[in-house]
Amino acid sequence: MANVSHRGDMTTHPDVSEMRARYARMLGGRDVALVDGPVFLLGLYCAASPWIVHYTASQPALMTHNLIMGIAIGLLALGFTRAPERMYGLSWAMCAMGVWLIIAPWIVGSGPDKGVIINNVVIGALALLLGLLCAGTAAKSTPRP
């Protein structure tokens, strides 16, 4: 059996400078890692909110809407975690989703009650706030030429 416990020094690797630069770039953008979890939880709550607030029977269109929007926010959060350099440009899309969630009860729903409106306004405001936070932190952490 081969002895793999002794590894060579990385300084002799031909791509060491490129690997160090990429590692530094990836760690530099991880300030927003603290936002990834709350974004995912917000998407999870948005998807489950029709059942939590109990408007599945009174607002079937809004129920489907919030389920889809919650899944989309959750997928954005997973993308922010998995490929931050590529995905944080979509922070502005999350801001737009937040604004849409705020106005959706009147557009998608039919005669929403106070609980439905408050639920969507809070979810939308949080999505907008977290999207702005992601966008601001990503803009701060991108290297300047």
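This is a predicted model: local features need pLDDT of at least 70, side-chain atom pairs count only at pLDDT 80 or more; totals for chains, interfaces and linings use all residues.
Helix axes here are lines fitted to C-alpha atoms over the stretch in contact, and the angle between two of them runs from 0 to 180 degrees between N-to-C directions.

**Overall fold**

The protein chain has six helices and zero strands. Read along the sequence, its pattern is α-α-α-α-α-α. Of its 145 residues, 36% count as buried. Take the contacts between residues at least 6 apart in sequence: 66% of them join residues at least 24 apart.

**The core**

In soluble globular proteins, nonpolar side chains tend to be buried together. In this chain, the largest nonpolar core has 19 residues. V39, I73, L76, F80, M94, L101 and L130 have the most contacts inside it. Four helices, α2 (33-52), α3 (60-82), α5 (91-107) and α6 (114-141), each supply at least two residues of this core. The largest share, five residues, comes from α3.

What does I73 touch beyond its neighbours within four places in sequence? Its contacts are V39, G43, M97, L101 and A127.

**The α3–α5 pair**

Two packed helices are described by the angle between their axes and the distance between the axes. For α3 and α5, the angle is about 165° and the axes lie 11 Å apart. Angles over 145 degrees count as roughly antiparallel, so α3 and α5 are roughly antiparallel to each other. The crossing of α3 past α5 is left-handed.

These residues make the contact:

| Helix | Contact residues |
|---|---|
| α3 | L62, H65, N66, M69, A72, I73, L76, F80 |
| α5 | S91, M94, M97, W100, L101, A104, P105 |

By class, the residues of this contact divide into 12 nonpolar, three polar and no charged. I73 of α3 and L101 of α5 both take part.

**G109 in the loop**

G109 is found in the loop between α5 and α6. Is G109 buried or exposed? Its relative accessibility is 13%. Buried means under 20%, so G109 counts as buried.

Which residues does G109 contact, leaving aside its neighbours within four places in sequence? They are Q59, L62 and A104. L62 and G109 are 47 residues apart in sequence, yet 5.3 Å apart in space, C-alpha to C-alpha. L62 and A104 also belong to the contact of α3 with α5.

Technical notes:
Residues are numbered from 1 along each chain as its sequence is written. Side-chain values use heavy atoms; hydrogens and water are left out. A nonpolar core is a set of buried Ala, Val, Leu, Ile, Met, Phe, Trp, Tyr and Cys residues joined through side-chain atoms within 4.5 Å. Buried means under 20% relative accessible area, exposed over 50%, partly exposed in between (1.4 Å probe, protein chains only). Contact means heavy atoms within 4.5 Å. Angles under 35 degrees count as roughly parallel, over 145 as roughly antiparallel, 65 to 115 as roughly perpendicular and the rest as oblique. A crossing is left-handed if the near helix is turned anticlockwise from the far one by less than a right angle, and right-handed if clockwise. Ala, Val, Leu, Ile, Met, Phe, Trp, Tyr, Cys and Pro count as nonpolar, Asp, Glu, Lys and Arg as charged, and the others, Gly among them, as polar.
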